[in-house]
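Student: I would like to go through this structure one piece at a time. Could we take it as questions and answers?

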Amino acid sequence: MEHYTMNLKLKVWRQKNSSAKGSFEAFEVTDISSEMSFLEMFDVLNERLINEGKDPITFDHDCREGICGACSMYVNGRAHGPWGKNTVCQLHMRAFKNGDTIVVEPWRSLAFPVIKDLVVDRSAFDKIMQAGGYVSVNTGNAVDANAIPVEKQKADESLFSASCIGCGACVAACPNGSAMLFVSAKVSQLALLPQGMPERKTRVLNMVTQMDKEGFGNCTNIYECEAVCPKGISVSNIARMNREYFGAGTTADE
Amino acid sequence: MGLDAKIPEGDLETKWKDYKSHVKLVNPTNKRKLEVIVIGTGLAGASAAASLGELGYKVKVFCFQDSPRRAHSIAAQGGINAAKNYQNDGDSVFRLFYDTVKGGDYRSREANVYRLAEVSAAIIDQCVAQGVPFAREYGGLLSNRSFGGTQVQRTFYAAGQTGQQLLLGAYSALERQVALGNVKMYSRHEMLDVVTIDGKARGIIARDLVSGKLERHFGHAVLLCSGGYGNVFYLSTNAMGSNVTAAWKAHKKGAYFGNPCFTQIHPTCIPVSGDHQSKLTLMSESLRNDGRIWVPKKKGDNRKPTDIPEEERDYYLERRYPAFGNLVPRDVASRAAKERCDEGYGVGTTKMAVYLDFADAIKRYGLIEVGKHNMKNADESTIIKLGKEVVEEKYGNLFEMYEKITGENPYNVPMRIYPAAHYTMGGLWVDYEMMTTVPGLYALGEANFSDHGANRLGASALMQGLADGYFVIPYTLGNYLAEEIRTPSIPVTHSAFEQTENEVRQRIEKLMSIKGTESVESFHKRLGNIMWDKCGMARNEEGLRSGIEEIKQLKNEFWSNVRIPGEINEMNFELDKAGRVADFIELGELMCMDALNRKESCGGHFREEMQTEEGEAKRDDDNYSYVAAWEYNEKGEEEMHKEKLHFDVVKPTQRSYK
């Protein structure tokens, strides 16, 4: 792989806190290696800002290997940037060329208020999980792990859904600010497994109710969520959740 | 203070059973009155908090991330061990116990390790019941694979994202308890000190990382599940935020630190590419099931790996360790890679890398597929294509990650890998009940020192985190809290809370007032360089002595010249990081002291002065068969205590994987 260095112009959203009015601030960065990750480019910029006595740009990040779901930048109008099936921490600078201008914004959604600069509050996702994203099994209650065979295909599909990292890119990308991909991934994971059956109906009803309460929008089949999902979670999960929801709504014993 | 590990009497096989049968209990109405604080929401923290909430305790949980689901257990890839013997290949509780004690190079406690092996099977049951989608065979039953240091298949997995799935299971159990009101969750909060009253842990001072405000929280007991300290090396496979602060504060409040120099350098990580690098990425050990590690036989061979013919390749692990081959334990594999690179056989631009090659595996799987589908006369490209599909199903996400980082396609060219700091076997000293030397203060998971000795086997960290949280602490905590039922909740206006909060505040103000010229990040990098050079994969007396001096100097510079922008009462990641780096610097010095004291080589701790003629680690059981437990004493000095290790069942021998 050939390596190169580049100079770039950045426009980054700055906002002191949740109540302050934000705006874009322009920066120039030089001698950026194509081998760097996108966040390492921000590290270089922040190091310079600190040395100049300025406030560094605040952004969420932790594992830097695409699995924790903390990083969340809207890069040139796309959640997590230009590469498909990718988190912004795994985006590398070889995606850009010398002289490019890069616009970086936080996730924008009613349900994800900005806390500072590029950091948003995604606690609404935890609240949806609290509404039913689990199997009610206390520690120590389990039967032998091989007592209930699970069809391999179902187990694999369940894992595809369960690979959601809860980053919120789906919400940020959706013009309606819908969280349907996130919620449906969890509903699907458990609906595909025998262990999820006892609470199948109440789970989907409660999670969808909580999703609405948190201020997420509706799904109108635009599929932007799937396009930006770093784990490639399919919109077929949404279809499954809709089936589960209607099934539960018409047959639940309330 | 004497060190009593409180190991129950009796045979190894019955210790835990007997303990559980006789341990004191807390009745349900009393549990409601008892408050427990849990720091950290990784596998240990989330599983402990959920289980204790289920039992009826009032639990408060703290994590510095924006959600408990982001704790770094999420990044564990390969799998979790359990002595299920589903494969009928001779596994048993005893064998898992034996492999772990041997793998740890005879520096762990037999009773703890046996208990770990004993509860391992129940962990898998629990996780499956939670809806963790483990890999399965076509018959619907669970699938297993092998990991380093074992000759059976006992590792359960969910593609290359086992940690994620297990953590999401524990997280969902935790969120269920939050919904039920048994657990209160504090995200974006960092514990900055332990509050002790009359010698017992009674709460914490935490900082709200959004507002910057300090908070006081009372607990009848405090559980530290705050992970390891691999980030002391700056570059490691840990998350950027992983830190030692909670454990270090506990240490300075009287908790002994066990074997701090025992760190694990993982053999298969993507190599460093430049100075800008902020972290290193692991390529799961599971890849060594199928990947073959090699370097060219000729020094400085600059040909493309695919142009180097078979007979000019040195599969050095297979050559040196025919019995275990590419699946030797991590410490052995790491040192062997370093040895080849130091000798000039390394590959890639930096020459600090070796190849991990899947060409053979792709061919082998391709042939199996061709056979399965009865495709006679299949050509080479069909075989390769089918083989790649099998490899993709097994390791697809890892291959994808490698390609994103390096820009190279590992299906076609071998991966380049090199060892990197990954896990810390050392940690807070705990007794059999997981209690530190401070009554009421516990340490679980990677934060404690207890189960892995001088080297952890692959797929055992997930096992230990969940064992501690789901199946050990629910019993052992009750034994302590049974005596606390008469202690009403202490109001946080108590002078101990006020005093500790003041100390925390003064430290933060001091950090902010330095207004120097060098960034926190820069200090952290410098510390990492010292630690990697002097206390990394190979250590010697001279290096460790100079390391200690350099760290002292660095500490002085840090406290007189660090620059932290922004303010205290706002979201200020630089300030958060400054506190953590300050603690890492102090820990780094202790690690060097511990490594200097231990004049033997064992597991991940390799003293160059102590090796066999073949370059293997040479233990000194006569003089060092003990846990070094360091006390931060009243004079502010580190003082070492010894917990002698007893091996009643497994007799220590020279570890051999040949």
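Tutor: Start with the end of a helix: helix 11 of chain B is followed by B:Gly407, whose phi is positive, near 75°. Keep in mind that this is a predicted model.

Student: How far apart are the end C-alpha atoms of helix 11 of chain B?

Tutor: Helix 11 of chain B covers residues 380-406, which is 27 residues. At 1.5 Å a residue a straight helix would reach 39 Å. The ends of helix 11 of chain B fall short of that, and the distance between them is only 28 Å.

Student: On which residue is the kink in helix 11 of chain B centred?

Tutor: The end-to-end distance of helix 11 of chain B is short of the straight-helix value. There is also a kink of about 90° in this helix.

Student: Against which elements do the buried residues of helix 11 of chain B pack?

Tutor: The buried residues of helix 11 of chain B include B:Leu386, B:Val391, B:Leu398 and B:Phe399. The buried residues pack against helix 10 (359-372) and strand 15 (415-424) of chain B.

Student: Which strands are at the edges of the open parallel sheet in chain B?

Tutor: This sheet has 5 strands in the order 5-2-1-9-17, with parallel pairing. The twist averages 20° from one strand to the next. Two of the strands pair on one side only, and these edge strands are strand 5 (183-186) and strand 17 (441-443) of chain B.

Student: Which residue stands opposite B:Val222 in strand 17 of chain B?

Tutor: Strand 9 (residues 221-224) of chain B pairs with strand 17 of chain B in the parallel sense, over 3 bridges. Helix 12 (residues 461-481) of chain B packs on the sheet and touches both strand 9 and strand 17 of chain B. Opposite B:Val222 stands B:Leu441.

Student: At what angle does helix 7 of chain B run to strand 9 of chain B?

Tutor: Helix 7 of chain B takes in residues 245-252. It lies across strand 1 (35-39), strand 9 and strand 17 of chain B. Its angle to strand 9 of chain B is about 130°.

Student: Why is one side of strand 16 and of strand 21 of chain B left without a neighbour in the sheet?

Tutor: The sheet is open and antiparallel, with 4 strands in the order 16-10-20-21. Strand 16 (427-428) and strand 21 (638-644) of chain B stand at its edges, so each has a single partner strand.

Student: Is strand 2 of chain A largely buried or in the open?

Tutor: Strand 2 of chain A pairs with strand 1 (residues 5-14) of chain A in the antiparallel sense over 9 bridges. Within this pairing, A:Val12 has A:Glu25 as its bridge partner. Of the 11 residues of strand 2 (residues 23-33) of chain A, the number buried is 1, so the strand lies largely in the open.

Student: Which element gives the largest share of the side of chain A that touches chain B?

Tutor: The contact takes 67 residues from chain A and 66 residues from chain B. Among the elements giving two or more residues to the chain A side are helix 2 (123-130), helix 3 (152-162) and helix 5 (180-191) of chain A. By class, that side has 27 nonpolar, 24 polar and 16 charged residues. The largest share, 6 residues, comes from helix 1 of chain A.

Methods
Residues are numbered from 1 along each chain as its sequence is written. Chains are lettered from A and ligands numbered from 1 in the order in which they are written. This is a predicted model: local features need pLDDT of at least 70, side-chain atom pairs count only at pLDDT 80 or more; totals for chains, interfaces and linings use all residues. Two residues are in contact if their C-beta atoms, placed from the backbone, lie within 7 Å. Ala, Val, Leu, Ile, Met, Phe, Trp, Tyr, Cys and Pro count as nonpolar, Asp, Glu, Lys and Arg as charged, and the others, Gly among them, as polar. The expected span of a helix is 1.5 Å times one less than its number of residues. The bend at a residue is the angle between axes fitted to the seven residues ending there and the seven starting there. A residue is buried if 20 or more other C-beta atoms lie within 10 Å of its own, exposed if 12 or fewer, and partly exposed in between; C-beta atoms are placed from the backbone. Two strands pair if DSSP finds at least two bridges between them. Axes are lines fitted to C-alpha atoms, for helices over the stretch in contact, and angles run from 0 to 180 degrees between N-to-C directions.
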